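User: Please take a close look at a single part of this model and describe its setting in the surrounding structure.

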Amino acid sequence: MLSDKFQTYCCACYFFNYLDRQAFPNAYVSGLREDLGLVANEYSILLSMFSAGSVVGHIPHALLIQKIAPRIYLPLNLVLWSGVTMCLAACKTYEGLCAARFFQGFLEASIYAGSMYVFGSWYKPSELSKRAAIFTAVGQLGSLFAGIMMTAMNQSLHGNSGLKG
């Protein structure tokens, strides 16, 4: 039987996945547009770049997790995704932000694809819908908390290390 620790890990990752997804729109309304001089539909394209990376990433992640042990594959992608997310702070151009958003979406896709693969491999059919529902609901909670956290971070971190909040 798969440990509930794995579900807890997957839920925590998915929570932060959705928290991260909402951070970008919150940053946009908190001054990202002015800081990078975004015009016209560039913001929409940036959102689409994340979605494109995510769509492109689901199939390779679903195939790779069958070859690489989930205990290695999922944490590795989490570290890579976190690194790309931190690189967003260093992006000074629209083009760089587009590339970073694409790779961010690509790497974040591993959480859903990998978690669903392991859930489907280990849980009984009678448990699967409950586990998947909990997993999905926890991800949505990340969106719920994103605005609150963004407000707090923008107020307390603005100007630290020469970066905007």
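Analyst: Phe 145 is partly exposed, because its relative accessible area of 37% falls between the limits of 20% and 50%. In this predicted model, Phe 145 belongs to helix H5, which spans residues 125-157. Together with Leu 141, Leu 144, Ile 148, Met 149 and Met 153, Phe 145 makes a nonpolar surface patch of about 550 Å².

The setting includes salt bridges, of which the whole structure holds 2. In one of them, the side chains of Glu 108 and Arg 21 meet at 3.6 Å, N to O. Glu 108 lies in helix H4 and Arg 21 in helix H1 (residues 4-36), so this pair ties together parts that are 87 residues apart in sequence. Glu 108 is buried, with 1% relative accessibility, whereas Arg 21 is partly exposed at 23%. A salt bridge also joins Arg 33 and Glu 34, with the closest N and O atoms 2.8 Å apart. Arg 33 has a relative accessible area of 38% and is therefore partly exposed.

Helix H4 (residues 94-122) also packs against helix H3 (residues 70-87) at an angle of about 155°, and the two axes are 9 Å apart. Because an angle over 145 degrees counts as roughly antiparallel, H3 and H4 are assigned to that class. Their crossing is left-handed.

Ser 54, in helix H2 (residues 42-64), is buried, with a relative accessible area of 11%. Between Ser 54 and Tyr 94 there are 19 Å in space, C-alpha to C-alpha, and the two are 40 residues apart in sequence.

Terms used
Residues are numbered from 1 along each chain as its sequence is written. This is a predicted model: local features need pLDDT of at least 70, side-chain atom pairs count only at pLDDT 80 or more; totals for chains, interfaces and linings use all residues. Side-chain values use heavy atoms; hydrogens and water are left out. Patches are made of residues with over 30% relative accessible area and no salt bridge: like charges are joined within 9 Å, nonpolar side chains (Val, Leu, Ile, Met, Phe, Trp, Tyr) within 5 Å. Accessible areas come from the Shrake-Rupley method with a 1.4 Å probe; for residues, only the protein chains shown count as cover. A salt bridge is a side-chain nitrogen of Lys or Arg within 4 Å of a carboxyl oxygen of Asp or Glu. Helices (H or I, at least four residues) and strands (E, at least two) are DSSP runs, numbered from the N terminus. Buried means under 20% relative accessible area, exposed over 50%, partly exposed in between (1.4 Å probe, protein chains only). Axes are lines fitted to C-alpha atoms, for helices over the stretch in contact, and angles run from 0 to 180 degrees between N-to-C directions. Angles under 35 degrees count as roughly parallel, over 145 as roughly antiparallel, 65 to 115 as roughly perpendicular and the rest as oblique. A crossing is left-handed if the near helix is turned anticlockwise from the far one by less than a right angle, and right-handed if clockwise.
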